[in-house]
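Here is a short walk through one protein model. Keep the sequence and the 3D view side by side as you read.

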Amino acid sequence: MMLTTYSPWHTMRLLNNEMNRAFPQGPVDTAKSAAANVTWIPAVDIKENGNEFLITADIPGVDPEKIEITADSGYLSIKGERAFEASNEDESGSERYRRVERVHGSFMRRFALPDTADADAITARGTNGVLKVHIPKRASLQPKRIAVAA
């Protein structure tokens, strides 16, 4: 038998998190961040393994060459923009959008880099709308296993 803890507000917390991700709000320091013009926030996964951190971001419809990634003062920033097709009309003007659900505009994500990250060796690759940012760990700060002699 498996016991689970009941959390009556779990669903509301999930909804709140999704709303905050979709519609960013709050005070923005425009001197330190370009987040004042952010329209949408891409979803990311952050994974840590033995020798690196991996950030995977879903950014469909964005040219990987137009994504700006910077590492500065202990932070990693990912910025870019997804363009909106302003018009889909032909010469006769008979075609129009009936519904627009795909988010467009500028985006930005910013992450604090851990002390073990090697900011000088960060690499990134974008394929099929997925951006992968590899952040290696510094070898000098990784834990070393010490063998015990018998």
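A pocket, in the sense used here, is an open set of grid points with protein on both sides within 12 Å along at least five of seven lines. The model itself is predicted.

Start with the second largest pocket. Its volume is about 200 Å³. The lining is made up of 13 residues, and those closest to the pocket centre are Ala83, Phe84, Glu85, Arg102 and His104.

Now turn to the largest nonpolar core. It holds 16 residues. Ile59, Leu76, Ile78, Leu131, Val133 and Ile135 touch the most other members. Strands S2 (52-58), S4 (75-82), S5 (105-112) and S7 each supply at least two residues of this core.

Take Leu76 as an example. Beyond residues up to four places away in sequence, Leu76 touches Val133 and Ile135, among others. The contacts of Leu76 also include Ile55, Ile69, Arg109, Phe111 and Ile122.

Finish at strand S7, which covers residues 130-136. Val130 belongs to this strand. Is Val130 buried, exposed or in between? Val130 counts as partly exposed because its relative accessible area is 26%, and partly exposed runs between the 20% limit for buried and the 50% limit for exposed. Leaving out residues up to four places away in sequence, Val130 touches Thr56, Ala57, Asp58 and Arg125. Val44 lies 86 residues from Val130 along the chain, and their C-alpha atoms are separated by 9.6 Å.

Methods. Residues numbered from 1 in each chain as written. Predicted model: local features only at pLDDT ≥ 70, side-chain atom pairs only at ≥ 80, totals over all residues. Heavy atoms only, no water. Helix = DSSP H or I, 4+ residues; strand = E, 2+ residues; numbered from the N terminus. Buried < 20%, exposed > 50% of the residue type's maximum accessible area, 1.4 Å probe, protein only. Contact = heavy atoms within 4.5 Å. 1 Å grid on protein atoms, 1.4 Å probe; cavity = no way out; pocket = protein on both sides within 12 Å on 5 of 7 lines; lining within 4 Å. Points joined across faces, edges and corners; volume = space filled by probe spheres on them. Core = buried A, V, L, I, M, F, W, Y, C linked by side-chain atoms within 4.5 Å.
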